[in-house]
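Reader: I would like to learn how to read a protein model feature by feature. Could you walk me through one?

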Amino acid sequence: MTRQDALFQFLLRMGDNTLILGHRISEWCGIAPVLEEDIALANTALDFIGQTQFWLGYAGEVEGKDQDADRLAFHRDAWDFRNVLLCEMPNGDFGQTIMRQFLFDAWHSIFLGRLLKSSDPRVAEIAEKASKEVAYHLERSAGTVVALGDGTEESHARMQAALDYLYPYVGEMFLSDEVDQQMAEAGIAPDPATLREEYDALVARVMAEATLNIPENRYAHKGGRDGYMHTEHLGHLLCEMQWLQRAYPDAKW
Amino acid sequence: MTQASVEQIWQWLDAVPDPEIPVISLVDLGIIRDVAWDDETLIVTVTPTYSGCPATSVINLDIETALRDHGIDNLQLKRQLSPAWTTDWLSERGRARLEEYGIAPPQPAGGPDRCPHCGSKNVTRVSQFGSTPCKAHWRCQDCLEPFDYFKCI
Ligand SMILES: [Zn+2]
């Protein structure tokens, strides 16, 4: 794998995470439990879609096959997506959406923090922009996990169920392969495995405050970030997200 | 034709309102990072407020329209991500106008220091997000009016 191929894959991973999770949270638009949450989720989705434009825009330039961010977002099939499985998991109830958000935000904020020092100036500047927004996402999702976890009997039970359901998808964010090794060697991005300790400490702190128990089993579902095998949920998501561009290629708003 | 001076162009841009908060100009908002002539081409460097802010494309269009109206045909808009936009770049005039308009200006403490309607310090947060990506939703406990707070980033 050439350095250029590895960088392209790395950029797809970053952009697909924000694209797919951004689309997932936008599914709440208009139907969230209360207006304030509806607006908060839509604004978070908007930040993610904006960050996606930067990551996939750069990915297209690195690939050099005349694909822009829109082309990459709307004309690839499920097996070409490189997001972690966590991002494509269904919304479930509001608690599950917020838990998924927190588990991702915690990784995202730590990872972007390291990318600020990337040897690739384009990566560093996108991280600089995104990390300010993500600090805000994390503050909100962590606060909401605590409020619901340490809330009523009902909200506590739902948050614990969400954590039990989603925790097996956490491990994939810390796997590393040849792409990561190349990025680490070039000083472009850290080896994700090196961030696990910091992540665990952050998650443990928030879960303790939320009175929730972190599952002991570290089994990790994988196959998203390397495209080996996505869950059945991604195809359904893409079907909705991509249909217009697939039905009417290059349609303009 | 003689080229308009850079100072003149800054003044023209200062007359272009923010599309979502029209009481402040794009210059007040601090998103115009540079104005410079490169030979015959004017290069205006703009930084986005938030990555996904839907106003970004409208802002670019407004800049282009305003400058073309002043006779500038060779125009290039350059996007700059770093240094990332911060509310520290809001002008003093911009901050005052926001408050007059009913939007509490950003504070380093992370929340408004007073209600923009009655001046009371007795305010509470309703939501970390608001009507646009750059705002949060607060309420005054004295006059009971809700208001937008311009998030500090
Ligand atoms: Zn008041």
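Reader: Happy to start with sheets. In what order do the four strands of the open sheet in chain B lie, and what is the pairing?

Author: In general, strands of a sheet pair through backbone hydrogen bonds, either parallel or antiparallel. Here the order is β4-β7-β6-β5 in chain B, and the pairing is mixed. At the edges are β4 and β5 of chain B, each of which pairs on one side only. Two strands count as paired if DSSP finds at least two bridges between them. Helices (H or I, at least four residues) and strands (E, at least two) are DSSP runs, numbered from the N terminus.

Reader: Before we go on, what sort of model is this, and how are things labelled?

Author: This is a predicted model, in which local features need pLDDT of at least 70 and side-chain atom pairs count only at pLDDT 80 or more, while totals for chains, interfaces and linings use all residues. Residues are numbered from 1 along each chain as its sequence is written, chains are lettered from A and ligands numbered from 1 in the order in which they are written, and side-chain values use heavy atoms, with hydrogens and water left out.

Reader: Which strands join to β6(B), and by how many bridges?

Author: Four bridges join β5(B) to β6(B), and these strands run antiparallel. B:Thr124 stands opposite B:Arg139 in β6(B), and B:Ser127 stands opposite B:His137. Five bridges join β6(B) to β7(B), also an antiparallel run. There B:Arg139 has B:Pro146 in β7(B) as its bridge partner. β6(B) and β7(B) form a hairpin with five residues between them, and B:Leu144 in the turn has a positive phi of about 65°.

Reader: Now the metal. Which protein atoms are the donors of the zinc ion?

Author: Donors are N, O and S atoms within 2.8 Å of the metal (3.2 Å for Na, K and Ca); water is not among the atoms, so sites may look incomplete. In this model the protein donors are the SG atoms of B:Cys115, B:Cys118, B:Cys140 and B:Cys143, lying 2.3 Å from the zinc ion. Along the chain, their spacing is C-x2-C-x21-C-x2-C. One pair links distant parts of the chain: B:Cys118 is in the loop between β4 (103–104) and β5 (123–127) of chain B, and B:Cys143 is in the loop between β6 (135–140) and β7 (146–150), 25 residues apart.

Reader: Why is the arrangement around the zinc ion called tetrahedral?

Author: The ideal angle for four tetrahedral donors is 109.5 degrees. Four donors count as tetrahedral if all angles lie between 85 and 135 degrees. The four donor atoms here subtend angles of 104 to 115°, so the arrangement is tetrahedral.

Reader: What about the three strands that form an open sheet?

Author: Their order is β1-β2-β3 in chain B, with mixed pairing. β1 (32–38) and β3 (75–79) are the edge strands, and the twist averages 20° from one strand to the next. Six bridges join β1(B) to β2 (residues 41–46), which run antiparallel; B:Val35 has B:Val44 in β2(B) as its bridge partner.

Reader: Which helix packs on the sheet, touching β1, β2 and β3 of chain B?

Author: That is α3 (residues 55–69) of chain B, whose direction makes about 155° with that of β3(B). Helix α1 (residues 6–13) lies across β1 and β2, running at about 140° to β1(B). Contact means heavy atoms within 4.5 Å; axes are lines fitted to C-alpha atoms, for helices over the stretch in contact, and angles run from 0 to 180 degrees between N-to-C directions.

Reader: Finally, how many residues of chain B are in contact with chain A?

Author: 25 residues of chain B are in contact with 20 residues of chain A. Buried area is the accessible area (1.4 Å probe) that two parts lose on being put together, summed over both. The two chains bury about 2,000 Å² between them, 59% of it on carbon and sulfur atoms. B:Ser51, B:Leu81 and B:Phe129 supply 37% of the area that chain B buries against chain A, more than any other three residues.

Key: Tetrahedral: all angles 85-135°; square planar, octahedral: opposite > 155°, others 65-115°.
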